[in-house]
Amino acid sequence: MGDLMSQRSNHVRLVRSNDKSDVSKAISAGWARILRTVGKGTFADSIDIGTKTIDRALTGESVPELHTALNSLAVDITALDEVFALYGLRVKPLKAEPANDLATIGRLSNLAGQFAEALADGHRDHRETCQLADTIRPLMTALTAICLEADQIKGAA
């Protein structure tokens, strides 16, 4: 048993520690993205918190409790991408849920229009890049779910 424990300790991944302000900014970025999509009231109701908690997180006045921050993943799986990226990690669902295909097609169409508009002047600036990324993030999750579903079908065949 001692050998197993020493082997495990050799594989411990060291991640850098982050300041509370860095974590707060990262949570704020993800939550701001969600709010642009679903609105503050819907978001607050979905994760069972008050809008004041959201306001405090967005301004950096406070950092939400861990369970509150993690509950935001139920609204948008990309909600905490920036937080986990600080630690060199990313969130990936263990089980894919098939995406709502019509909503995904609608978002893809919207993305194509946004992309074309961003390139209308011949280049994409930093503001347009950030707006496109906000549209792309939830789409990546939906499209990944479709790919994972296809992989499960192929594995079953």
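Are W31 and F43 buried or exposed? Both residues are buried. The notes below refer to a predicted model.

1. **Aromatic pair.** The structure holds one aromatic pair. Its members are W31 and F43, and the geometry is edge-to-face. The ring centres lie 5.1 Å apart, with 75° between the planes. The edge-to-face label applies because planes over 60 degrees apart count as such.

2. **What the pair connects.** W31 sits in helix α2, which covers residues 20-38. F43 sits in helix α3, residues 40-46. Twelve residues separate W31 and F43, and the pair links distant parts of the chain. Each of these two side chains belongs to a buried residue, W31 as well as F43.

3. **Nonpolar surface patch.** L108, L143 and I146 make up a nonpolar patch on the surface.

4. Helix α8, residues 126-156, contains I146. Its relative accessible area is 32%, so I146 is partly exposed. Patch residues need over 30% relative accessible area, and I146 has 32%.

5. **N110.** This residue lies in helix α7, which runs over residues 101-118.

6. **N110 and T135.** How far apart are the C-alpha atoms of N110 and T135? They are separated by 8.4 Å. Along the chain, N110 and T135 are 25 residues apart.

Definitions and conventions:
Residues numbered from 1 in each chain as written. Predicted model: local features only at pLDDT ≥ 70, side-chain atom pairs only at ≥ 80, totals over all residues. Heavy atoms only, no water. Patch = residues over 30% accessible without salt bridge, like charges linked within 9 Å, V, L, I, M, F, W, Y side chains within 5 Å. Areas by Shrake-Rupley, 256 points an atom, 1.4 Å probe, with all protein chains shown as cover. Salt bridge = Lys/Arg side-chain N within 4 Å of Asp/Glu carboxyl O. Helix = DSSP H or I, 4+ residues; strand = E, 2+ residues; numbered from the N terminus. Buried < 20%, exposed > 50% of the residue type's maximum accessible area, 1.4 Å probe, protein only. Phe/Tyr/Trp six-rings, centres within 6.5 Å; stacked < 30°, edge-to-face > 60°.
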